[in-house]
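Colleague: Please take a single part of this model and describe it closely, with the criteria behind each term.

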Amino acid sequence: MLPLDGDAPGPWTHGLTRDYGEKFVHVKNPYLASLDEDILYHLDLGTKTHNLPEMFGDVKFVCVGGSPNRMKAFALFMHKELGLDESGEDIKDICAGTDRYCMYKTGSVLSISHGMGIPSISIMLHELIKLLHHARCYDVTIIRIGTSGGIGIAPGSVVITDTAVDSFFKPRFEQAILDNIVTRSTELDKELAEELFNCSKEIPNFPTLIGHTMCTYDFYEGQGRLDGALCCFSREKKLDYLKRAYRAGIRNIEMESTVFAAMCGLCGLKAAVVCVTLLDRLECDQINLAHDVLVEYQQRPQLLISKFIKQRLGFHSQTS
C-alpha cells in the first residue's frame, strides 16, 4: 500500500539531495519513473519534446501569481532589475502553445501565472514541480505573490504568511483522493518569512507584517461577502466570523495558499506567500481604490521579492 502523505522520504521519493548537500525538487509518485514520456499538458512542455535540464536547470527562484499580465510584468521588471537586456525583447511566453498559464524565464528566475483558486493553482503546481524535478533543479525557492483582502489592517499592507489556514482557522489542506479525505500540513518556511520581512524593512514607506492567511474555496459566500449573487447570512454573522478570524491571528484572505503550502512542503520546496491587501474586510466587501493606487499596491509584492532575489544573488543596489 502506497503512503499518500507525510514528510518522511520513502522509496517512492526521487532525488532528495546530493552527497554534498544540494537539495533537489522531489516528487512522491512511484509511477512517474515508468513513463516513457511525461507530457506537461497545461504548460505545453514535455520530457521528449523539450530539453528540460537545459531550459530550466539553473532555476533558483520561482514566482507564481494569479494574473498572466501581472506575471509578465514581474518578469520584465526582474529582467531590468537583474541588469539584463533592458528592452526585454527576449522575454517570451514559454507556454504560448496553451491558453491556461503563462511562463517567463529571466536568468535564474521563473515567473508563472496560476489562475484563480485552489483547482487552478494545484494543476499548475503538479506540472511545475514535475518540471523542476525533470530539470534536476536544486535549492529552489518558490514564492506566491498576489492580492488579498485584509482583516483589521490598512489597505496596501503586505502580508507575509507564516501559516496558511482553512475556513475553520485550521493549518491544514484537505484533499479528496478517490473516496478518502487526506489532510496535509500547511506550514510555510519560517526562516524564509523572516528573511522577507527583514528585506521589507529596507524599503521606505512599505507596511509589512507576518501573519496567518486564510484560504477559501470561493470569493463571495466563502469569504463572508454580502455582495454576491447568493447570501444566506446576516451582516452581524459576517462580522462575528471575521473578528474571530482576526483573533485567531489571520490577517488576510485569498484562495490558493493552503494547497500551495501543502504541495511545496511535501516536495522539498522552500515556500513563501506574499500578498498585498486591497481592502479591510471589516470595513467593506468591494474594492473601490483609484486605478493608480490599485496599480501601486499590486506592485508592492513584486518590489519586495525583487529586493529579496537580488540580495540572495549578491546585488547590493537598492530596489528602485
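Modeller: Lys310 is buried, at a relative accessible area of 3%; buried means under 20%, exposed over 50% and partly exposed in between, for a 1.4 Å probe and protein chains only. The model is predicted, so local features need pLDDT of at least 70 and side-chain atom pairs pLDDT 80 or more, whereas totals for chains, interfaces and linings use all residues. Residues are numbered from 1 along each chain as its sequence is written, and side-chain values use heavy atoms, with hydrogens and water left out.

The side chain of Lys310 forms a salt bridge with that of Glu81, at 2.9 Å from N to O; the term requires a side-chain nitrogen of Lys or Arg within 4 Å of a carboxyl oxygen of Asp or Glu. Because Lys310 belongs to helix 7 (residues 291-312) and Glu81 to helix 2 (residues 68-81), the pair ties together parts 229 residues apart in sequence. Helices (H or I, at least four residues) and strands (E, at least two) are DSSP runs numbered from the N terminus. Glu81 is buried too, with a relative accessible area of 11%.

The whole structure holds 15 salt bridges. One of them joins Lys238 and Asp285 at 2.7 Å, N to O. This pair links distant parts of the chain, 47 residues apart: Lys238 in helix 5 (residues 235-247) and Asp285 in the loop between strand 14 (270-280) and helix 7. Lys238 is buried at 6%, and Asp285 is buried at 12%.

In the salt bridge of Asp166 with Arg172, the closest N and O atoms are 2.5 Å apart. Here Asp166 is buried at 11%, while Arg172 is partly exposed at 24%.
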